[in-house]
Number of protein chains: 6
Amino acid sequence: MKISARNQLKGKVVAIDHGVTTSHVKIDIGGSIITSAITKTSVEELKLEVGKQVYAIVKASDVMVGID
Amino acid sequence: MKISARNQLKGKVVAIDHGVTTSHVKIDIGGSIITSAITKTSVEELKLEVGKQVYAIVKASDVMVGID
Amino acid sequence: MKISARNQLKGKVVAIDHGVTTSHVKIDIGGSIITSAITKTSVEELKLEVGKQVYAIVKASDVMVGID
Amino acid sequence: MKISARNQLKGKVVAIDHGVTTSHVKIDIGGSIITSAITKTSVEELKLEVGKQVYAIVKASDVMVGID
Amino acid sequence: MKISARNQLKGKVVAIDHGVTTSHVKIDIGGSIITSAITKTSVEELKLEVGKQVYAIVKASDVMVGID
Amino acid sequence: MKISARNQLKGKVVAIDHGVTTSHVKIDIGGSIITSAITKTSVEELKLEVGKQVYAIVKASDVMVGID
C-alpha cells in the first residue's frame with residue numbers, strides 16, 4: 001500500500017519493549033533512533049523482531065520543530 | 001526546555017513552503033528528509049530559514065511502523 | 001507496504017477540496033463518509049481523484065469515543 | 001456537546017480489551033470495525049460495554065489516505 | 001455528546017484567523033490562551049465567533065510535558 | 001529548546017499514574033487540570049514528581065473545539 005504520510009523513513013528494528021496493550025519499537029534509521037508506540041497486536045501481525053527492515057511512518061502534521 | 005517527546009532528531013532546514021496558515025518545513029536529519037507541517041506563526045517566531053540547525057520532534061505515539 | 005495503524009478502512013473518494021498546502025479528501029467507506037486532511041503534494045503523488053478506491057488510515061490512539 | 005472533529009461515525013461497541021492505563025475499544029460502524037485506544041478511566045466514565053451505541057470520533061488531520 | 005478525551009477545558013473564543021481550508025481559533029481558558037487549528041467548515045458549522053463559550057478538547061496522548 | 005507547538009501551558013504536576021509503558025501525568029495550569037499520557041521513560045528522564053513546575057505542550061492541530 002502507498003500512503004499519504006509525508007515521512008516514511010527506512011530503518012531496522014533495534015529493540016522492542018512490550019506493555020500490556022502498547023509496545024515500544026526502536027528503529028535505527030541510519031544514525032538516528034526513532035521510537036514508535038504501537039499496539040502489541042500490530043507488533044505480532046507485522047511479525048516485528050530485532051533486525052527486521054521497517055519504515056518509521058509519520059504524518060507531517062505530527063512533526064514539531066525545535067531550536068536550541 | 002526539555003520535553004517528553006521520545007523523538008528529537010537533530011538536522012538542518014533545507015526548504016520551507018508557506019500556505020496561508022500552515023507551512024511545510026523540510027529537515028535533513030542526515031540521510032533522511034523529514035517534513036513538518038507547523039503554523040506560519042511558528043516559522044516566524046522560531047526565525048526558521050534554510051540552513052538553520054533544528055530538531056524534528058515527534059511523540060512515540062505518532063510514529064507508525066510499516067513493512068514491505 | 002503493510003502498516004501498524006489499526007484502522008484501514010476501504011472506500012472510494014467522493015470529493016477533494018484544495019487549500020494552499022492542505023487538501024480535504026472525502027471518502028465513502030460504505031455508508032459513512034470520512035474526511036481526511038493531507039498535504040496537497042500527497043494528493044498529487046497518490047493521483048487521488050473522485051471515484052478512486054482508497055483506504056482511510058487511522059492510528060487507534062487517534063480515535064476518540066463519544067456517547068449521546 | 002457538539003465538536004469540531006470532522007469524523008463522527010455512529011456504531012456499536014463489539015469488544016473492549018483493558019491494559020493497565022490504556023484500553024482498546026472495537027466499534028462496528030456498519031460493515032467496518034474501528035479500533036480506538038483510550039484511557040481506562042474514559043471507558044469507566046462513559047460506562048462503555050459491548051452493545052452500547054457510540055461514536056468513533058477522529059480529526060480530519062489524523063486520517064491518512066492509502067492506495068494499493 | 002460526552003467524549004473520551006481527557007481534556008475538556010472551558011473557555012471563550014478571543015480570536016479566529018482563517019486560512020483557505022484551516023482556521024486558527026484562540027481560546028482563553030482563564031489565564032491561558034489555547035490555540036486550536038480546525039477546518040474552516042467546523043468554524044462555520046459550530047458558528048464560532050469571538051466571545052462564544054467553547055471547550056478546548058485534547059486527548060491525553062496528544063499532550064507532551066516540558067521542563068525548563 | 002524552543003519549539004513550534006503553539007500551546008505551552010505553565011503548571012504544576014498534581015498526580016502521576018503509571019501503567020507498564022505509559023504514564024498519566026495530571027498538571028494544574030491554574031484553575032484547569034490537564035492530563036498527559038507519556039512514556040514511563042519520559043517521566044523518569046524528566047524526573048517528574050508531584051509539585052514540579054512543568055509545561056503542558058500541545059500542537060494546535062491536536063486541539064478540537066466543542067460547544068454545548
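## The A–C contact and the salt bridges between chains

Chain A and chain C bury about 1600 Å² between them, and 57% of that area lies on carbon and sulfur atoms. The model is predicted. Each side of the contact is counted in residues: 16 from chain A and 16 from chain C.

Polar links cross this contact too. There are 10 residue pairs in polar contact between chain A and chain C, both residues at pLDDT 80 or more. Two salt bridges are counted between chain A and chain C. One salt bridge pairs Glu45(A) with Arg6(C), with the closest N and O atoms 2.9 Å apart.

Which elements of chain A give two or more residues to the side that touches chain C? They are strand 1 (2-3), strand 4 (33-39), helix 1 (40-45) and strand 5 (53-58). By class, that side of chain A has seven nonpolar, five polar and four charged residues.

**Chain A on its own**

Chain A has one helix and six strands. Along the sequence the order is β-β-β-β-α-β-β. Its C-alpha atoms fill a box of roughly 35 × 30 × 25 Å along the principal axes. Of the 68 residues in chain A, 62% are buried. The accessible surface of chain A is about 2600 Å², with 48% belonging to carbon and sulfur atoms. Take the contacts in chain A between residues at least 6 apart in sequence: 42% of them join residues at least 24 apart.

**Salt bridges in the other chains**

Over all chains, the structure holds six salt bridges.

| Arg | Glu | N to O distance |
|---|---|---|
| Arg6(B) | Glu45(F) | 2.8 Å |
| Arg6(F) | Glu45(B) | 2.8 Å |
| Arg6(E) | Glu45(D) | 2.9 Å |

Why does the pair of Arg6(B) and Glu45(F) join two chains? Arg6(B) lies in the loop between strand 1 (2-3) and strand 2 (7-18) of chain B, while Glu45(F) lies in helix 1 (residues 40-45) of chain F, so the pair links two chains. Glu45(F) is partly exposed, at 44% relative accessible area.

Arg6(F) sits in the loop between strand 1 (2-3) and strand 2 (7-18) of chain F, and Glu45(B) in helix 1 (residues 40-45) of chain B, so this pair also joins two chains. Glu45(B) is partly exposed, with 42% relative accessibility.

For Arg6(E), the site is the loop between strand 1 (2-3) and strand 2 (7-18) of chain E. Its partner Glu45(D) is in helix 1 (residues 40-45) of chain D, so two chains are joined here. Glu45(D) is partly exposed, with a relative accessible area of 43%.

How values were computed:
Residues numbered from 1 in each chain as written. Chains lettered and ligands numbered in written order. Predicted model: local features only at pLDDT ≥ 70, side-chain atom pairs only at ≥ 80, totals over all residues. Heavy atoms only, no water. Contact = heavy atoms within 4.5 Å. Buried area = accessible area lost by both parts, 1.4 Å probe. Salt bridge = Lys/Arg side-chain N within 4 Å of Asp/Glu carboxyl O. Polar contact = N/O pair within 3.5 Å; in protein donor to acceptor, adjacent residues only side chain to side chain. Helix = DSSP H or I, 4+ residues; strand = E, 2+ residues; numbered from the N terminus. Nonpolar A, V, L, I, M, F, W, Y, C, P; charged D, E, K, R; others polar. Buried < 20%, exposed > 50% of the residue type's maximum accessible area, 1.4 Å probe, protein only. Areas by Shrake-Rupley, 256 points an atom, 1.4 Å probe, with all protein chains shown as cover.
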